[in-house]
Amino acid sequence: MAQRSSRFRGGFGKRGSLRERLAETRARVVGEPKTAFILSGGGVLGSVQVGMLRALHEADIVPDIITGCSVGGINGASFAADPTGGGIDRLVRLWSNLADDKPDLMPRSRLPFIAQMALKKASIHDPQILEDLLHAELPARTFADLKVPFACVATDAHLAAAHWFDTGPLIPALMASAALPAVYPPVEVDGRLLYDGGVVNELPLEWAVAQGARKLYILQVGHLDPRPLEPEKPFDSLMHAYWTARVQRVEEDLAEIADECDIIRLPAGGSPRVRFDDYSQGRDLMTASYEATRQFLETGEEIDPSEGPFSQI
């Protein structure tokens, strides 16, 4: 696949940007509307997307375009590199190994989390373990190597805006997209200081819409639990406010394009609460999301999209 321009900029964070993209592409894009898989961020809950991908593959639903944010970028890039049953098996193996701490991406510290946050360093975890894992597991090194057109999103720390990657080296882009503030340090790419894309764009719709996608399968995980939180600590309230802001952006974006796009939100299959650094439930999460998505695709039965896993500190 030829490399795509990385000049997809502008309009980020502005209300109306998605509708503007629809208007811009209405005359420019020819042929049948495209199908996109949109993979949200979600950290340790990324295994949920693997179950969804398996159900989609078994239902012979094939994407023309894939976009991802943070862990969704990693899962999306891996599937874009090998959009087959074998590619899904690779992701199942990866997340099963993570459930067994092979490798341990976020080693536990003896210090309480709040004490770790007070240390004089950019993050509480070393990103090298994640980078080494991507080098070992990803079957592609550049966006041009991917079988399905793919883009991921990060956050430009200086511009407070989304920064999209759709060309060039793949792993630096994925590391930037997954650089969750405080957990991992920001990543510098081409002179830009970049954080996790979920800070400004939890559900990366815009690139897919700009490429002519009108049927959108939403593989969203995390912070969807409909049960009210009762914070036990001040930090719980802070995190809940952060998640609430992200959910609000997602709902506004989806509402903005609902009239012109076919939006299919896949079910996660349950509402477990897990720590942000606990990968141990990966197998159970994959199984639950696979069964829920398979049933949803077979029957068309509406399932409340708010019923999903919840990641907590």
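1. Helices (H or I, at least four residues) and strands (E, at least two) are taken here as DSSP runs, numbered from the N terminus. By this definition the protein has 10 helices and 10 strands.

2. The model is a predicted one, in which local features need pLDDT of at least 70, side-chain atom pairs count only at pLDDT 80 or more, and totals for chains, interfaces and linings use all residues. Residues are numbered from 1 along each chain as its sequence is written, and side-chain values use heavy atoms, with hydrogens and water left out.

3. Of the 313 residues of the protein, 51% count as buried; buried means under 20% relative accessible area, exposed over 50%, and partly exposed in between (1.4 Å probe, protein chains only). Contact means heavy atoms within 4.5 Å. Among contacts between residues at least 6 apart in sequence, 81% join residues at least 24 apart.

4. Helix H2 (residues 47-58) and helix H10 (residues 282-299) have axes that come within 7 Å and cross at roughly 35°. Such axes are lines fitted to C-alpha atoms, for helices over the stretch in contact, and angles run from 0 to 180 degrees between N-to-C directions. The crossing of H2 and H10 is right-handed; a crossing is right-handed if the near helix is turned clockwise from the far one by less than a right angle, and left-handed if anticlockwise.

5. In H2, the residues that meet H10 include Ser47, Val50, Gly51 and Arg54; on the H10 side, Leu285, Met286, Tyr290 and Arg294 are among them. The residues of this contact of H2 with H10 divide into nine nonpolar, five polar and three charged. Here Ala, Val, Leu, Ile, Met, Phe, Trp, Tyr, Cys and Pro count as nonpolar, Asp, Glu, Lys and Arg as charged, and the others, Gly among them, as polar.

6. Met286 is found in helix H10 and is buried, with a relative accessible area of 8%. Not counting residues up to four places away in sequence, Met286 touches Ser47, Val50, Gly51, Val92, Trp95 and Ser96. Met286 and Ala268 lie 18 residues apart in sequence and 8.9 Å apart in space, C-alpha to C-alpha.

7. A search of the whole structure finds three cavities of 30 Å³ or more. On a 1 Å grid over the protein atoms alone, a cavity is a set of points where a 1.4 Å probe fits but cannot get out, and lining residues have an atom within 4 Å of a point. Grid points are joined across faces, edges and corners, and a volume is the space filled by probe spheres set on the points.

8. The largest cavity holds about 50 Å³ of space. Helix H3 (71-81), helix H4 (85-99) and helix H6 (128-137) each supply at least two residues of its lining. Ile74, Ser78, Arg90, Leu94 and Glu137 are among the lining residues. By class, the lining has five nonpolar, two polar and two charged residues.

9. Most residues other than glycine have a negative phi, and most peptide bonds are trans. A cis peptide bond joins Lys102 and Pro103, with omega about 0°; Pro103 is placed in the loop between H4 and helix H5 (113-117).

10. Asp60, which is not a glycine, has a positive phi of about 60°. Asp60 is found in the loop between H2 and strand S2 (65-69) and counts as exposed, at 64% relative accessibility. Phi of Ala160 is also positive, near 55°. Ala160 has its place in the loop between strand S3 (150-156) and strand S4 (161-165), and at 59% relative accessibility Ala160 counts as exposed.

Methods
On a 1 Å grid over the protein atoms alone, a cavity is a set of points where a 1.4 Å probe fits but cannot get out, and a pocket is an open set with protein on both sides within 12 Å along at least five of seven lines; lining residues have an atom within 4 Å of a point.
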